[in-house]
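Hello,

Here is the structure I promised to pass on. Please open it first, then read my notes below.

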Amino acid sequence: MIDKKFIAELSKIVGKEAVLTSKEDLNAYSYDGTATWVHMPDVVVLPTTAEQVSRILKLADDNQIPVTPRGAGTNVSGGSIPIKGGIVLCTTRMNKILDINKANLTATVEPGVVLHDLNLALAKQSLFYPPDPQSFLGCTIGGTVAENAGGPYCVKYGVTKQYILGLEVVLANGYIMKLGGVTVKNRTGYELMMLFTGSEGTLGVITKITLKLIPMPLANKTMMAVFDDIAVGGQAVSNILASGVVPAKIEFVDNFILRRIEEMTPMGLPVEAKALMLLQADGSPAAVEAEAQQIVDVLKKSGAKEVRVAKDADEAMKYWKMRSAGFAATYGAAHTVLSEDVAVPRDRLADFIHKLEEISARTGFFICYLGHAGDGNLHPSIFTDIRNKEEFTRAQQAMEEIFEAALSVGGVLSGEHGIGLEKQRFLKKAMDPVALSLMRKIKGILDPNHILNPGKVWEEEKV
Amino acid sequence: MAKTKQDRYEQIKRFEGDLGQCMKCGFCTFWCPVYQEERVEPSVARGKNMMIRGLLAGDLDYTKEYASRLNKCTLCMTCTANCPAKANIPNVIVAARADAVKARGLKFPYNIAYRWLLPRRTLFGRVVRFASWFQGIFLPKTEGTIRHLSMFLSALGKGRNIPQIAPRFLREIVPVVNRPPEGVKTVMRVGYFTGCMTDFTMPELGKHIIDFLTRNGVEVIVPREQGCCGAPVFLGAGDFDTGRKMADTNVKAFEGLDYVISDCATCTSSLKDYAKFLADTPEREKAYTSFKEKVKDISQFLVDVLKLPASAYQAAPAVKGKKVTWHDPCHLNRHLGITSQPRQIIKSIPDIEYIEMPNADRCCGMAGSFSLYYYDLSKQIADKKVEAIKSTGADIVVTSCPGCEIQLIDSLLRNKVPVKVMHIMELLA
């Protein structure tokens, strides 16, 4: 039970100033980036060291108090909502970049380092850490590891898990465990780091991360293509990849979002286009030239109505800024926006888009899309109003059909946002039952009292 | 009759659009100067917005904690400028401060300072002068100026380097009507809103501005009836009733003049904000809106209205050969969108070297009464500005807001950085 004595114990560990208990403060840790999930914690703690995290977890485990690890609360799956109350363990004050090693191409950071702060520090040394969830201005590295986040660059460079070389994780019983190291190759035992990468805070609290870096690509080129038919755009993505070139990013937005962006920030976009695709080639200057040409050729052959190559960095920036405004454009469009995160095989994109159009026609809900076309990860959004119960229920059913459609073409529930609270009711359908049961057993071993982020990923709490 | 919920949150409801616009993405955490220091959610726009939503939903109430979190914002507008949904949370914060004051009143000593003293210019002047005697006794004299009495009193206890109060106020040394000298054709007639700080502590700056304008054919009227702009009262403390009295006084003082110019970014922005926050009747709406159009920042006036040729900007003897950098006051940059005009002026001056500061538009952490409530936090924010100033290698940092000037003087002295702080107009001969 969380009583005065318990709060006093927490204060002993992290200091009084780092324990928040007022209603006003608890309210500020009751939400994340999702539209609908809200739950108040009983207390918020802001540790600054792994030792403090360890003592907090030990105390919580002894008292069977739920602990929800949280970074900046920018996730969009409900992952950091303290749905069972208890403690929110917030890592935002563990924000030191411990080491950037240009000769070994690694960086070691505390979990609360903001992704963009790391990027700025790396850029000074011409280094590059590719995974780029579009919440990079707010999200913490710890959060991106726990969610195994991805973003536009992942077409070519892969997602967070491909960059983790070492982790320090505090287990539910308070043990501070070290995994991996600072080498690119490491064949020592099971890949336990991968257990915690994408664990959504249910298996341990990540307190230190060593990341693999790459040198900053010397050149890049941005292209924009206009399509009359979204499915033709989807086919173009497959054609580009099949032609033997992997662009750094392939993103697209549909007509609705395009218009909204143009309304919000007029920049002369072709608002009549059904879909707009943004692509980037990067690498050495000569390679970029050749790749860009090849991409343009394939786009034209695949039926793009218009292809523009950005003349300079300013024009390129303009296009990418538009893409990053995409989410704001959708979220501002209706009282409640249900936005999903399915990923499908890239050669099935066109099929999947056809299915979405059919669902939209059948259910009467307008579905808009934006997403990372290059890795088959789309964010179809349904506009609704949570205050209208009947409509909201139908909207949720329509979303369920979208999941089914994604699974039917060999896709997955979530490309980069995670399961959290949003998608747990679909987990059973999307996973092999034996794998699911194995996951439960692993959870049972690592967190026998189920104190870590209870109510997440799993439909039921205990095995 | 009991107040309805609608009444209780009257001001917040006016900004419901902004309140609802936040989609909780959390990108504001990267830009908020307060969050960057504290790294807790209640510091940032998203957290404050959700707190106000909580109030409206009946989950939260007017508590000490609520007030403290609401006050902990510099209104720098960096969140809004970078918000993907363009949610103007500072609007909501000011409105929420107003509703809180309406419901709960102001606390001592702010009630005395804001309701009673600031609206009475002559009395305020006397009290400031009285306070200055103590300043001479208790504190080492430093450069610059003092902005508000309450701030001065608070600073006494906290060791801030505060500027000294002038032996004679601006209003005591310049006439109401200041005509161009013999042989210079009068091209325009403007009112000069002096602001508390130029009036009480930097009269020589005011005199210099009047001389510069008259030499360039502008007749400058300094109405004696003008008072404090009201920023600490209605924006800082949320006392809209007193704010309206101050607004009415100022609007009336400048009646019949085409332009009202100000050398203070905060004053300029606040005078313009009367229309947004204080217009409670159609008459006030009309009066404040037309007043808003007349108010111009000094650099904006010189560049956009008077359209002076580059040759009009000559270096004052003391700044010749110096390296100069510019700090964007939040009220000038994000509140009013004035960024190019001051730079254009500085770059036009021969014999000085202009160096752009990294993050020139980052808040200095002063924010009026914010630095009263949270002096330590204010210092932490200022230290980042000091680093940026240092990195330029400039001899002088110029700005166009006395509030920022106080903060820059205090933090440069505290960090022992020998860079001089000046108002942009002081660069000019």
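**Domains of chain B**

In chain B, 11 residues of domain 1 touch 13 residues of domain 2. Contact here means that the C-beta atoms of two residues, placed from the backbone, lie within 7 Å. This is a predicted model, where local features need pLDDT of at least 70, side-chain atom pairs count only at pLDDT 80 or more, and totals for chains, interfaces and linings use all residues. Residues are numbered from 1 along each chain as its sequence is written, and chains are lettered from A and ligands numbered from 1 in the order in which they are written.

Helix 5 (33-38) and helix 8 (78-82) of chain B each bring at least two residues to the side of domain 1 that touches domain 2. Helices (H or I, at least four residues) and strands (E, at least two) are DSSP runs, numbered from the N terminus. Helix 5 of chain B gives the most to that side, with three residues. By class, that side of domain 1 of chain B has six nonpolar, three polar and two charged residues. Ala, Val, Leu, Ile, Met, Phe, Trp, Tyr, Cys and Pro count as nonpolar, Asp, Glu, Lys and Arg as charged, and the others, Gly among them, as polar.

The domain assignment of chain B gives domain 1 (5-104) and domain 2 (313-427). Such bounds come from an automatic or database domain assignment. The C-alpha centres of these two domains of chain B are 28 Å apart.

**A helix pair in chain B**

Helix 24 (residues 375-392) and helix 25 (residues 402-414) of chain B have axes that come within 9 Å and cross at roughly 80 degrees. Axes are lines fitted to C-alpha atoms, for helices over the stretch in contact, and angles run from 0 to 180 degrees between N-to-C directions. The two helices of chain B are therefore roughly perpendicular (under 35 degrees is roughly parallel, over 145 roughly antiparallel, 65 to 115 roughly perpendicular, the rest oblique). Lys379(B), Ala382(B), Asp383(B), Lys385(B) and Val386(B) of helix 24 meet Gln407(B), Ser411(B) and Leu412(B) of helix 25. This contact has three nonpolar, two polar and three charged residues.

**The sheet in chain A**

Chain A has an open sheet of seven strands, in the order 15-12-14-13-17-18-16, with antiparallel pairing. Two strands pair if DSSP finds at least two bridges between them. Strand 15 (306-309) and strand 16 (336-339) of chain A each have a single partner strand, so one side of each is left without a neighbour in the sheet. Neighbouring strands of this sheet are turned by 20 degrees on average, direction ignored.

Strand 13 (residues 249-254) and strand 17 (residues 367-372) of chain A are joined by two bridges. Val253(A) stands opposite Leu370(A) in strand 17 of chain A.

Helix 9 (residues 255-264) of chain A lies across strands 13, 14 and 17, at about 85 degrees to strand 13. Helix 10 (residues 285-301) of chain A lies across strands 12, 14 and 15, at about 5 degrees to strand 12.

**Between the chains**

Which chain does chain A contact, and with how many residues? In all, 26 residues of chain A are in contact with 24 residues of chain B. Helix 2 of chain A gives the largest share of the chain A side, four residues. That side has 11 nonpolar, 11 polar and four charged residues.

Best wishes
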